[in-house]
Amino acid sequence: MAIYRTFEQHLDPKEGPKRILTLDGGGLRGMMTLQVLKKIERILQDRFNDPNMRLCNYFDLIAGTSTGAIIAAGLSKGMAVNEIENHYRNLGNTVFKRSFWRRGAVLEKYDADAVAKALRDVLGTKMMKDTEFHTGLLVVTKRLDTGSTWAMTNNPNSMYFNANPKRLQTIPNGEYPLWQVVRASTAAPTFFAGEEISIRSNESPERENTVGLFVDGGVSPHNNPSLQALMVATMDGYKFGWKPGADRLLLVSVGTGKANASVDLSKLGTDTAAAQALLALKNLMEDCSDLVETVMQWISKPTPTARAIDREMGTAGPALGEGGGMLTYHRYNAVFTENWFEKAGLDVGEVVDAAYLANMQEMDRPQNLDRLTRLGAAVAEKQVDAAHFPEAFDANVRLG
């Protein structure tokens, strides 16, 4: 039986090189992500001659936002990709049931309690500090009442993970249930109600109980959590202490499809102000994702998976600074435009026209799961290559 790194060895900064996997938000389009992960898992199983190898055995930190957080949590607990896909299909068909009475304006479109139950069934009810993790986990969520992005990890050395005598009234992150942390990251506004988590205990006479309202991490700048994961891994404050370098750090990023940014303003209807406000918010989220992708390209060793950000910039380069970049980086994703599909040459088993693209951009349609599976498999076939996982990063993966 193969022996791989322990949880402690995955996080230990002295045990290198380091490998990071990041997973975007995007609702049920996460089914695309799972197909890409299947191919990565197969590549690694072949590389290490072990059909039972899991992604948690290779990657030292797995980060996710929203739907990516669900997948990341399952992977960090040692699940195979197929196992997560089965849970994912069940969650999609159970949770995303439309109701005449839920329209997403006054009342959220879907029942948050159904999500909570599904996450408890899959992830269990243990606290972050008690969960049996196989590797590092980062979940990105947004605390709405303070306007702050929370990057919550299972790192026992992080500042707020354990109880602190100087902050006795503060409930440490290690005492949050894993399912609740993931549920907070998936609480997309208008789709699901926010998740309330007790931040401070009312056992302290000086303070009343403080409850934080958390919503989907996708409304932070980190729907693509790649840059946040790099910050967590290398900045002193997060207490990981990993060293950057193109030969020390590999980061693999998986998207859920990039929406078409073009909008025909003549079709906005009579309520132009409201429609434009919603479009502006949508475009802001896309801008944040583009900025993350731009920065990641800019600070990394040149990668064959780089996407042209815009016509003027092209891909972001040359690598910033000396020494060939801070890390080795690869990004797998689709862009929902006819031009991109034509150039990519993806075989999705049907005609890619405006109706197909509009339908596939929907984040809450269980009817799309099979089509998303085919699209994700096509992206994986065209984009993922064993050469993207250099043998230099195989060091210390398998211990026996």
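The entries below go from the whole chain to single residues.

**Entry 1: ground rules**

I am working with a predicted model, in which local features need pLDDT of at least 70, side-chain atom pairs count only at pLDDT 80 or more, and totals for chains, interfaces and linings use all residues. Residues are numbered from 1 along each chain as its sequence is written, and side-chain values use heavy atoms, with hydrogens and water left out.

**Entry 2: the whole chain**

I started with the secondary structure and found 12 helices and 9 strands in the protein chain. Helices (H or I, at least four residues) and strands (E, at least two) are DSSP runs, numbered from the N terminus. Next I looked up the radius of gyration, which is 21 Å, close to the 21 Å from the globule rule for 400 residues, so the chain is as compact as a globular protein of that length. That radius is taken over C-alpha atoms, and the rule is 2.2 Å times the number of residues to the power 0.38. Along the principal axes, the C-alpha trace spans about 60 × 55 × 40 Å.

I then asked how much of the chain is buried. Buried residues make up 53% of the 400. Here buried means under 20% relative accessible area, exposed means over 50%, and partly exposed lies in between (1.4 Å probe, protein chains only). The accessible surface comes to about 18700 Å², with 52% of it belonging to carbon and sulfur atoms. I noted that these areas come from the Shrake-Rupley method with a 1.4 Å probe, and that for residues only the protein chains shown count as cover.

For contacts (heavy atoms within 4.5 Å), I looked at pairs with a separation of 6 or more: residues 24 or more positions apart account for 73% of them.

**Entry 3: helix α7 and Trp 179**

Is helix α7 buried or exposed? I found 8 of its 8 residues (178-185) buried, so the helix is largely enclosed by the rest of the structure. Among the buried residues are Gln 180 and Arg 183.

I picked Trp 179 from this helix and found it buried, at 12% relative accessibility. Leaving aside neighbours within four places in sequence, Trp 179 is in contact with Ala 116, Leu 119, Arg 120, Leu 123, Gly 124, Thr 125 and Glu 195. Thr 125 is 54 residues from Trp 179 in sequence, yet their C-alpha atoms are 6.6 Å apart.

Gln 228 sits in helix α8 (residues 226-234) and is buried, at 4% relative accessibility. Not counting residues up to four places away in sequence, Gln 228 touches Leu 138, Val 140, Thr 149, Ala 151, His 222 and Tyr 238.

Asp 121, in helix α6 (residues 112-123), is exposed, with a relative accessible area of 56%. I also checked Asp 121 against Thr 337: they are 216 residues apart along the chain, and their C-alpha atoms are separated by 37 Å.

**Entry 4: charges and salt bridges**

I counted 44 positive and 47 negative side chains, and the centres of the two sets lie 1 Å apart. Lys and Arg count as positive and Asp and Glu as negative, while His and the chain ends are not counted. Each charge is placed at NZ of Lys, CZ of Arg, CG of Asp or CD of Glu.

How many salt bridges does the whole structure have? My search found 17, a salt bridge being a side-chain nitrogen of Lys or Arg within 4 Å of a carboxyl oxygen of Asp or Glu.

One of them joins Asp 24 and Arg 331, with the closest N and O atoms 2.8 Å apart. This pair links distant parts of the chain, 307 residues apart: Asp 24 is in the loop between β1 (18-23) and α2 (30-47), and Arg 331 is in strand β9 (residues 327-332). Asp 24 is buried, at 5%, and Arg 331 is buried, at 7%.

Another joins Lys 129 and Glu 175, with the closest N and O atoms 3.7 Å apart. Lys 129 is partly exposed, at 43%, and Glu 175 is partly exposed, at 32%.
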